[in-house]
Amino acid sequence: MTQTEPTLAAPLRPSTVDFGAILAAHAEREARTLALRPGNKDRLFDGLMAAGITHVTVTFDGAGDSGQIESIGAWAGETAVDFPATEIPYAALTWDDPEVEMRQLSLEDVVEQLAYDFLSDTHGGWENNDGAWGEFCFDAAARCIHLEFNERFTSSELYTHDF
């Protein structure tokens, strides 16, 4: 009889990473980020109304790990208008600083940032695999944001036949 050596590697040492603490920190940061959103929306809607913009449309499209905003249009009633050069305060958190940072962004940049934020919140990974497309409408008068989201997917159906 011959003795053979085991072929399995020794088990790994137990992890010293506190995943509970990591998840708790992520949840706390997410809550802080969400708490900034109403103020950012209010400042945006105030800025749009002051500029005479009644609504803004944002179209997006993506698939296969790529996704982007395709267009951002500003409207005064039924007339397309240019965004003014106006900048407004936008509250944000950065990864390396726990304090809220107030940035001065153009109205169009705030619209774009909020659109990406809402896509991430409601349909994280919208750009992956078959992807998705859609449109936001930022209604300044009603002070609301409407999202129409279209998800692409591959379907397969099985048919069996006996003859």
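**Exercise 1.** Determine how many residues line the largest pocket, and which of them lie nearest its centre.

*Solution.* The lining of the largest pocket holds 18 residues, and Arg29, Thr33, Arg37, Leu93 and Asp117 lie nearest the centre. Here a pocket is an open set of points on a 1 Å grid over the protein atoms alone, where a 1.4 Å probe fits, with protein on both sides within 12 Å along at least five of seven lines; lining residues have an atom within 4 Å of a point. Next, consider the contributors: α1, β4 and α2 each supply at least two lining residues, and α1 gives the most, with 7 residues. Helices (H or I, at least four residues) and strands (E, at least two) are DSSP runs, numbered from the N terminus.

The model is predicted: local features need pLDDT of at least 70, side-chain atom pairs count only at pLDDT 80 or more, and totals for chains, interfaces and linings use all residues. Residues are numbered from 1 along each chain as its sequence is written, and side-chain values use heavy atoms, with hydrogens and water left out.

**Exercise 2.** Check the span of helix α1 against its number of residues.

*Solution.* Helix α1 covers residues 19-50, which is 32 residues. The expected span is 1.5 Å times one less than the number of residues.

**Exercise 3.** State which residues of α1 are buried.

*Solution.* Buried (under 20% relative accessible area, 1.4 Å probe, protein chains only) describes Arg29, Leu36, Arg37, Asn40, Leu44, Phe45, Gly47 and Leu48. After α1 comes glycine 52, with a positive phi near 80 degrees.

Terms used. Buried < 20%, exposed > 50% of the residue type's maximum accessible area, 1.4 Å probe, protein only.
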